[in-house]
Amino acid sequence: MSNSTVFLVITLLFILARLTAARNMNPFVGVCDGRNGDNLPSPAQIVSLYKKINVAGIRLYEPVPDLIVSLQGTGLLVAIGPKNEEIKTLAEHYEFALNWVKTFIAPYKNVAFNWITVGNEVIEGEIGRYVPQAMKNIKAALTEIGNSKIHVTTVISTAALANSYPPSAGVFKPAITELITEIVSILSSTDSPLMVNVYPYFAYASDPTQVSLEYATFRSTSPVVTDGKYQYTNIFDATLDAFNAALEKINHGSVKVYVAETGWPTRGNVPYTSVENARAYNQGLLKKLTTGHKGTPRRPNVPVMTFFFEMFNEDLKEGEVEKSFGFFNPDMAPVYDMWNINVSSYDKEGYSWVIWTMLIITNNVELFRLSPKSGPRNNNKYNGLKAH
């Protein structure tokens, strides 16, 4: 068998493997990449891990050029945003917005930028009033460079709601209703989602006598809350429908609600934090997003793109809870078996994906072992739930 034949067959099998992986990808699942650590893996290693766990998207809290470079050609859907402290300037100076887009978006033709998040939980602060104009300027800049299909949005927390129980009573706080209405009007005109941070952990940990662990972690086997014709077995759905109801009250019920952050810590607040509770919540949510119940009772036919928080534990954050939302330690070893990556089988010297290929050519069987070379290793979140 000639070397060219071997190469051709291996190439075809590699393409088939890539297509199979794409077919099995979780299309409504992403993971946040926090950077508050001094011992995080290299950008190439991070991107490889995202591909290995087979999720559709990655959320970046600010531009990280080396990481963006590594995302080229991966097909990962990217949510990215400017720093909160840049929002006022983005709103007041169009040229600054245009330069931001030309610097962090335009050069990377093969990166699947899908959302630009202008502000992470800034609506109630001094910066909040600048968000609508900053969004408009970023959108205009994207249009100018020919990338008008990228969605421009913002991220809010459950603190934006004046009431969330029952879900149909969801309503935005009076002090920010006018601002929220302006923002969602922009979103409606561009068919873009409103992004929210949802953390049932904080609701449970702050009031465990009223919020059951089963309701918080997708383990309730029967409805816990009945709200008219809608029944809820988990806080996640109830919270999203509180936002949906609030949007309906300002005449923007057609705006989709996506989740920019959600997760459960493994340490720092026993007995509420634990590997068991984190696994139950995150795996329960993953099952919901990848099976037949991707929407909510109020919006059953509207899948919810959801970014899990987060890929790695971040050792530079304050407090053990805030440091412990990660699925992986900085050495890339899993904290628990969330993504079907067995902790005991992890190779600390690096990844060694082994593809055993059986080539049946002229009645001969040959085995080839392809092993890529290992490289060196190198978010007020509450009112019921959390913010980055």
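A crossing of two helices is left-handed if the near helix is turned anticlockwise from the far one by less than a right angle, and right-handed if clockwise. In the predicted model described here, H5 passes H6 in a right-handed crossing. Helix H5 spans residues 94–104 and helix H6 residues 131–144; their axes lie 8 Å apart and form an angle of about 55 degrees. H5 is therefore oblique to H6. On the H5 side, the contact involves Tyr94, Ala97, Leu98, Trp100 and Val101. These residues meet Asn137, Ile138, Ala140, Ala141, Leu142 and Glu144 of H6.

H6 also packs against helix H7 (residues 174–189), with an angle of about 15 degrees and an axis separation of 9 Å. Because angles under 35 degrees count as roughly parallel, H6 and H7 are assigned to that class. The crossing of this second pair, H6 and H7, is left-handed. Val131, Pro132, Met135 and Lys136 of H6 form the contact with Leu179, Glu182, Ile183, Ile186 and Leu187 of H7.

These helices belong to a protein with 11 helices and 14 strands. Of its 388 residues, 51% are buried.

Aromatic contacts were examined next. Across the whole structure, 20 aromatic pairs were found. In one of these, the ring centres of Tyr199 and Phe202 are 5.9 Å apart and the ring planes stand at 80 degrees, so the pair is edge-to-face. Tyr199 and Phe202 are both buried. A further pair is formed by Tyr204 and Tyr272, with ring centres 5.4 Å apart; the planes are at 85 degrees, so this pair is edge-to-face. The pair joins distant parts of the chain, its members being 68 residues apart. Tyr204 lies in helix H8 (residues 200–206), whereas Tyr272 lies in the loop between strand E11 (257–262) and helix H11 (275–290). Tyr204 has a relative accessibility of 9% and therefore counts as buried, the cut-off being under 20%.

Both pairs have their members in a cluster linked by ring pairs. The cluster comprises Tyr199, Tyr201, Phe202, Tyr204, Phe218, Phe236, Trp264, Tyr272, Tyr281, Phe309 and Phe325.

Terms used: Residues are numbered from 1 along each chain as its sequence is written. This is a predicted model: local features need pLDDT of at least 70, side-chain atom pairs count only at pLDDT 80 or more; totals for chains, interfaces and linings use all residues. Side-chain values use heavy atoms; hydrogens and water are left out. Rings of Phe, Tyr and Trp (its six-membered ring) pair if their centres lie within 6.5 Å; planes under 30 degrees apart count as stacked, over 60 as edge-to-face and the rest as tilted. Buried means under 20% relative accessible area, exposed over 50%, partly exposed in between (1.4 Å probe, protein chains only). Helices (H or I, at least four residues) and strands (E, at least two) are DSSP runs, numbered from the N terminus. Axes are lines fitted to C-alpha atoms, for helices over the stretch in contact, and angles run from 0 to 180 degrees between N-to-C directions. Angles under 35 degrees count as roughly parallel, over 145 as roughly antiparallel, 65 to 115 as roughly perpendicular and the rest as oblique. Contact means heavy atoms within 4.5 Å.
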